[in-house]
Amino acid sequence: MVQITFVQPDGSRTTIDANEGASVMEAAVSNGIDGIFAECGGAMMCATCHCYVDDDWRDKTGERADGEEIMLECAAAELRETSRLSCQIRLTGALDGLVVHLPDEQA
Amino acid sequence: MAVAPVDETLTLAELTRDPYPIYKRMRAETPIVQVPAANRIFLTKAKHTKMVKDDPELYSSDDPVTPMRRAFLAHTLMRKDGEEHRRERMAMQPAFSPKVIKTDWADLYRKIAAEYLDRLPRGETVDLFTGLCGPVAARILAHILGLDEVSDADMQRWSQVLIDGAGNFGFADEPFARSDAANAEMDAVFDSLIPRHMAEPNNSAFSVMLNAKDPIPRSQIYANIKIAIGGGINEPRDALATIIYGLLTNPDQLEEVKRQEAWADAFEEGVRWVAPIQASSRRATRDLQIDGIDIPEGVTLMTIQASANRDEDLYEDGEAFNVFRKKAPHQAFGSGPHHCAGAHISRRTVGEIMLPMLFERFPGIKLDRPEDVVWSGFGFRGPLNLPVKLT
């Protein structure tokens, strides 16, 4: 299990335990985190699981996936260098303690 | 190991008239059921419809015998999987993004909405379905696609002809004769518009696809636009009509929606309650099981999102229209790789623009005889008329 902390736009934080191998999106959805819609179910087709990776974790979450960039362009909220589709961040032991910030809108 | 039970007596006519009591019974008694009338296995639970749509390797969109290919004279992205599907879809996706809608289109949509509302007569009964919902959906789509020159009537006619052809499962000649004629008309119009979009690149879907760095073949550009015509008018039209009906038959909710400006919630509840696209097909690519029921390779499954959206596992009293219900994800836009490419557009155009403008313009709008509204449809569903008095 690894811990992930989701930070809402208003600053409130929720920390959950998630299984390694799951995506950040799957962990968020199965824990009922507000602000991750994931309408396409992880197919990289909707940009409603957009999140901002905390600066301290950018190296560990790696590069954007092939095709992720163009879909991120379709996100409702501001695109930043730290923007990722949370369905494309796979949880490993190295991500234990990960902090991601949620955008102010998804759809 | 168990074979899915068979519903021998159910007819498509019954499903077209009112499928909801049938789905409710299926969810309770036979959630996975063979329906010979449709030559499909129906999946009626939300967890099953989502699982199937999220897994294109096991459940393919490619239906080798689909009438859609004949109707569109092309193998379209709706029936493709994997990279091929992604490439064609991404070719037009930028035109549908929230940013482009905000920067390029929102003002135009408001102008169009105002113009179409201006035309409606006050003080007499008017059919909003034909007088507003259809034409405004057609006009907005024409701009998004880059077909500004095409009339509302032609857009709506082409759309219906393509839908009729794609649903011509009996392969009768007449619907294909009509779709062939419409294809010829569309091809000629598209040909004539290419010079404009090449000379003045813009954010319409046609222009974005034509001017891409590595464009998809011209034939697929045309097929994509046709898919958007076939799939981009009925849905916002029916969503708008359904939500207006839901609000007018629940005046207390309407008042609260106005007070809170909860139009986005009204939109989501309307498409949950009666999803404009009610069902989709997927083909099993190998012998599978769902919840202990055998799904043989090659069989076509029908994921009934209309039923998933009222599933008791997710919704309390899901049969009712209730804007202020406890939020739960619905599948009106589908799920997985084929998740509706127009989801953002419909939320903006119907939810953020049309609904508030209509109710602001006509605060005394009344549906005197809700029983006169005729609902119809199995694959696509919505009201066929919406006679209201506008004041």
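Ala65(A) touches Met44(A), Arg84(A) and Gln88(A), residues up to four places away in sequence being left out; contact here denotes heavy atoms within 4.5 Å. The model is predicted, so that local features need pLDDT of at least 70 and side-chain atom pairs count only at pLDDT 80 or more, whereas totals for chains, interfaces and linings use all residues. Residues are numbered from 1 along each chain as its sequence is written, chains are lettered from A and ligands numbered from 1 in the order in which they are written, and side-chain values use heavy atoms, with hydrogens and water left out.

Ala65(A) is placed in the loop between helix H2 (58–61) and H3 of chain A; helices (H or I, at least four residues) and strands (E, at least two) are DSSP runs numbered from the N terminus. With a relative accessible area of 26%, Ala65(A) is partly exposed, where buried means under 20% relative accessible area, exposed over 50%, and partly exposed in between (1.4 Å probe, protein chains only). Between the C-alpha atoms of Ala65(A) and Asn31(A), which are 34 residues apart along the chain, the separation is 24 Å. Ser23(A) occupies the loop between strand S2 (13–18) and helix H1 (24–30) of chain A. Ser23(A) has a relative accessible area of 1% and is therefore buried. Its contacts, with residues up to four places away in sequence not counted, are Ser86(A), Cys87(A), Ile89(A), Arg90(A) and Leu91(A).

Chain B contains 16 helices and 11 strands. Its radius of gyration is 21 Å, close to the 21 Å given by the globule rule for 391 residues, so chain B is as compact as a globular protein of that length; the radius is taken over C-alpha atoms, and the rule is 2.2 Å times the number of residues to the power 0.38. Along the principal axes, the C-alpha atoms of chain B fill a box of roughly 60 × 50 × 40 Å. Of its 391 residues, 56% count as buried. Among contacts in chain B between residues at least 6 apart in sequence, 71% join residues at least 24 apart.

Helix H5 (residues 82–92) of chain B has as its buried residues His85(B), Arg86(B), Glu88(B), Arg89(B), Met90(B), Ala91(B) and Met92(B). These buried residues pack against helix H3 (68–72) of chain A, and also against helix H10 (205–210) and helix H11 (218–232) of chain B. Glu88(B) additionally forms a salt bridge with the side chain of Lys80(B) (2.7 Å, N to O), the term denoting a side-chain nitrogen of Lys or Arg within 4 Å of a carboxyl oxygen of Asp or Glu. Glu88(B) counts as buried at 6% relative accessibility, and Lys80(B) counts as buried at 4%.

Over all chains, the structure holds 38 salt bridges. One of these joins the side chains of Lys45(B) and Asp311(B) (2.8 Å, N to O). Lys45(B) lies in the loop between strand S2 (40–43) and helix H3 (46–54) of chain B, and Asp311(B) in the loop between helix H15 (305–308) and H16 of chain B, so the pair ties together parts that are 266 residues apart in sequence. Both Lys45(B) and Asp311(B) are buried. A further salt bridge pairs Asp152(B) with Arg139(B) (2.7 Å, N to O). Because Asp152(B) lies in helix H8 (residues 152–166) and Arg139(B) in helix H7 (residues 128–145) of chain B, this pair ties together parts that are 13 residues apart in sequence. Asp152(B) and Arg139(B) are both buried. Salt bridges with shared partners also join Arg27(B), Arg310(B), Glu312(B) and Glu319(B) into one network.

The cavity search gave 2 cavities of 30 Å³ or more. On a 1 Å grid over the protein atoms alone, a cavity is a set of points where a 1.4 Å probe fits but cannot get out, and lining residues have an atom within 4 Å of a point. Grid points are joined across faces, edges and corners, and a volume is the space filled by probe spheres set on the points. The largest cavity holds about 60 Å³ of space. It is lined by 13 residues, of which Cys46(A), His339(B), Cys340(B), Ala343(B) and His344(B) are the closest to its centre. Helix H16 (residues 343–361) of chain B gives the most to this lining, with 3 residues. The second largest cavity has a volume of about 30 Å³. Its lining consists of Ser60(B), Ser61(B), Asp63(B), Arg79(B), Ser281(B), Arg282(B), Arg283(B) and Thr300(B).

Key: On a 1 Å grid over the protein atoms alone, a cavity is a set of points where a 1.4 Å probe fits but cannot get out, and a pocket is an open set with protein on both sides within 12 Å along at least five of seven lines; lining residues have an atom within 4 Å of a point.
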